[in-house]
Amino acid sequence: MVDQARADAYNSWWQFRNDSWSRLEEATARINSSRRRGRAIEVEMTDAVHEQCAALAPLEQFWAFPGHAAFGIVQELAAAGSWERLGRLVSRINRALVTESYRTGSLDDIAHVEHRADDDDMVFGVSHDHISRPYFEVLVVETMSLAQEEQLREEVHSWRRPGDPFIYDLVVVGSGIEAAVAMRLNANIQACVIRRRFSHAAVRDLTRLANFADATLSNDLADHSPDERAQILAPRLAQIRPEVDMYLMSEIAVEDVAGKVSHHFRRVFHAREGALELHLTILAGVAERYRTPFFEALRTYSQRPTGVFHALPISQGKSIVNSHWIRDMVGFYGLEIFLAETSATTGGLDSLLEPTGPLREAQQLAAEAFGSRQTFFVTNGTSTANKIVAQALLAPGDIVLVDRNCHQSHHYGLMLAGAEVTYLDAYPLNEYAMYGAVPLQEIKSKLLALRAAGKLDRVKLLMLTNCTFDGIVYDVGRVMEECLAIKPDLVFLWDEAWFAFARFHHVYRPRTAMEAARTLAGKLRSPEYRALYEASLPRNESTEALLGRRLSPDPARARVRVYATHSTHKTLTALRQGSMIHVYDQDFALKVAEGFHEAYMAHTSTSPNYQILASLDLGRRQAALEGFELVQRQLEYAMKLRDAIDHHPLLSKYMHCLSTAEMIPEKYRASGIAQPLRTGLSNMVTAWEQDEFVLDPSRVTVYIGLTGVDGATFKRERLMDKFGIQINKTSRNTVLFMTNIGTTRSSVAYLIEVLVSIARDIDNHAAEMNLAERAAFERSVLHLTNPTAPLPDFSGFHPAFLSQSDPPTPEGDVRKAFFLAYDHTLCEYLPADDVDERMESGESVVSATFVTLYPPGFPVLVPGQLFSKEILSFMRSLDTPEIHGYQPALGYRVYTAKALEMLAQRPGS
Ligand SMILES: Cc1ncc(COP(=O)(O)O)c(C=O)c1O
């Protein structure tokens, strides 16, 4: 079965399941239509019904809707050939699945199907009210018979009250291994109750779900008492879905158990006594994640009549609704947004600069959701978040290691902080004119060089981008471990502007900064690691030896000090500029808290936008409750997009999606897997566990060299002007399509349609070209498919801005170079050819400014940096329309020869 194979490969079981229900409905409808017209039922139609039933059979047990009973009836009706009844039932189920009406909590379509023997119809459980409220499912892990399961379900239904904020139903599995499968498959699960008796081995056949079944789990559970099993299972389930509330139901003395249970359990209940209490606790657990304290405070505040006697005329829409000329503003935005415009810090609201109420709570809830120790909301994007962290951690003269391709905000932040900067080079992808990420060897060698120069005590911070614009993801934990082995108190800033969503999927999560920090802290605390470390105490090794092996930090000295910045607005729900800073720093209170506060004050507006803050609160709620579902769906759509492009006969003639192997050289892929996700979820998991770099599959870089159209023109003229498709980044021969949690199947289909239409235009044009046109087309293709100038490495600072040492190390003082350029008599503009000429004659040419390509927004030149031949040829080969800091009419802003002479006489001044 083709679809089955695809579902295995791409982890796209949800689409697979939905498609199977739709196909089942279609097949029964065809049968019924034939019957009504008095035609014979063709075998292929009935085969299709049985095939879809067989495809659904292993899956349905993991969802509460439509549930065992209903699916059992579907199977019975199909086997008996009761086509009319089957048609009605399947169509109802499918409608509820497609429209997701079963999740609105109005109960009409929720719950199990009852088979009424005296009625020729199947009806769903009847509602006892019609209030719409969020619906979720609770996983119960216990071996029980179908009858017991039904009884439990009925008991749970009897506890429902009209005033309950949510409604839920049960999914029952009889083994630990099936519980893990359910957690991976069913995003509706928000709570899990582990009862005492469950089997270690699968109760049902899981052969077709092998990709989701953790084979080691059943061995780990075997030979343990029921209590021990629960303790083993809880952390394993939490690894998959840490946000799911976990409860233990025990039949033995709960008072004894309570003191020993894993911290993963929110509470322990006694099996006989605790049922109703458990029900209420389950609702309260979900309510805790649902709570949005700042959004609620703002909403309440906006409904209060207030007199505004301070400087915010727009507050409560007052300056607009009475206007004769700008009333359309209300028409467009709606009144609510203005009702919520306020700068009040009291009356139920809070102050961003000194939060003590709902904002503080909102940030604490975000810390829980994102796995940090502290989280801070930022209303001016990650551009500001990065500057806050840099300033909080650095004092003038501190040394920082930073990816040269980091976003410009880091470079400005370091300049403001007065740090000395060692730029790290990412591996180049010359063929596609883009950079990859910084290899661990490069980081270690720079750290070891600083150690050799006796400067390690001044090294404070390592800054890297995870993941990069193009989707290259680091092995965050390994980078930190090896760096801490060299410099035990090194602080890390992971710019996860593009990676806020990653926390909410079990494959991505281990490669996020916060999760890697938590794992590392646990490892350093563990007696096993300490014993292992002591048994292999470091010897006196050469730099080569240290570069050649995996280094382990000293658990007695290493500190886990990790910061991550998220553009929440880029990958989760938040208004533009809504960002967060997440902190996992064991020394925060002791060493950073005050500096952080000052830095936060320095960069934060005293009039922060409350709408942005409320949207961060809501974005967190959404991620905590449906992040997994949204990310999983995004992943499935991204894979659909990749497939559709690569398997389309016309599209694949002109374009293809760059694979992991094309974007990550083999030496960084220890697993040797060239296409991790396409070849199966377990391959993806392996690659994500082992490889130095992996590719985020949700970012689809399409190679368009063969179209003869460069990336910038493709974006502007073909995608935007003609079809209104917006994309962010291009290179000379690629365009990047980013899927996000808002991507729909229809938007993917539209994109494919557009790409096919573009390819058809090119194809038609190619078929009718005259000789001259053909020659021009071939020249364009040749130009785009041949790598031109290699991507330049960081060329180095002019000696005047270098920090002196023996042996020399490459860090430079960007701030000095930046501010020196404020003296305009020391600078001049130089066209590229003149820069070339000066270099030819042996003179140094030094940039006086940042020269930044946008997108992606990293500087090719920083103040104080030497020009090189490679930089000039790279700049000449660029198709990027936006280059900040370079004026084509005037040239580059550089230091005059006289200024350099003067600096040479007074280095370090
Ligand atoms: C890696 C990286 N960091 C930070 C930023 C800045 O984020 P924001 O737009 O939230 O200010 C960007 C923006 O594109 C980015 O790509």
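**Reading a helix, its salt bridges and a ligand shell**

Modeller: Welcome! Let's start with helix H35, residues 869–877, whose buried residues are Ile871, Leu872, Phe874, Met875 and Ser877. Keep in mind that this is a predicted model.

Colleague: Thanks! Which elements do the buried residues of H35 pack against?

Modeller: They pack against helix H34 (832–840) and against strands E25 (851–854), E26 (858–861), E27 (882–884) and E29 (891–895).

Colleague: And which residue forms a salt bridge with Lys869?

Modeller: The general idea is a side-chain nitrogen of Lys or Arg within 4 Å of a carboxyl oxygen of Asp or Glu. Here the partner of Lys869 is Asp836, with the closest N and O atoms 3.1 Å apart. Lys869 belongs to helix H35 and Asp836 to helix H34, so this pair ties together parts that are 33 residues apart in sequence.

Colleague: Is Asp836 buried or exposed?

Modeller: Buried means under 20% relative accessible area. Asp836 has 17%, so Asp836 is buried, while Lys869, with 38%, is partly exposed.

Colleague: How many salt bridges does the count come to?

Modeller: The count is 48. Another one joins Glu481 and Lys523, whose closest N and O atoms are 3.0 Å apart. Glu481 sits in helix H20 (residues 476–486) and Lys523 in helix H21 (residues 513–525), so they tie together parts 42 residues apart in sequence. Glu481 counts as buried at 8% relative accessibility, and Lys523 as partly exposed at 32%.

Colleague: What about Arg241 and Glu243: are they buried or exposed?

Modeller: Both are buried. They form a salt bridge too, with 2.7 Å between the closest N and O atoms.

Colleague: Now the ligand, please. How many residues surround the ligand?

Modeller: There are 13, and the closest are Thr382, Ser383, Asp495, Ser567 and His569. By type, the shell divides into nine polar, two charged and two nonpolar residues.

Colleague: Where are the polar atoms of the protein that lie 2.8 Å, 2.6 Å and 2.9 Å from the ligand?

Modeller: Let's take them in turn. At 2.8 Å from a ligand oxygen atom there is a backbone N or O atom of Thr382. A side-chain N or O atom of Asp495 is 2.6 Å from a nitrogen atom of the ligand. Finally, Lys570 places a polar side-chain atom 2.9 Å from an oxygen atom of the ligand. Taken alone the ligand exposes 390 Å², and the protein buries 89% of that.

Colleague: Which elements give two or more residues to the shell?

Modeller: Those are helix H17 (381–393) and helix H24 (568–571). H17 supplies the largest share, four residues.

How values were computed
Residues are numbered from 1 along each chain as its sequence is written. This is a predicted model: local features need pLDDT of at least 70, side-chain atom pairs count only at pLDDT 80 or more; totals for chains, interfaces and linings use all residues. Side-chain values use heavy atoms; hydrogens and water are left out. A residue is near a molecule or strand if one of its heavy atoms lies within 4 Å of it. A polar contact is a pair of N or O atoms within 3.5 Å; within protein, one must be able to donate a hydrogen and the other to accept it, and residues adjacent in sequence count only if both atoms are side-chain atoms. Accessible areas come from the Shrake-Rupley method with a 1.4 Å probe; for residues, only the protein chains shown count as cover. Ala, Val, Leu, Ile, Met, Phe, Trp, Tyr, Cys and Pro count as nonpolar, Asp, Glu, Lys and Arg as charged, and the others, Gly among them, as polar. Buried means under 20% relative accessible area, exposed over 50%, partly exposed in between (1.4 Å probe, protein chains only). Contact means heavy atoms within 4.5 Å.
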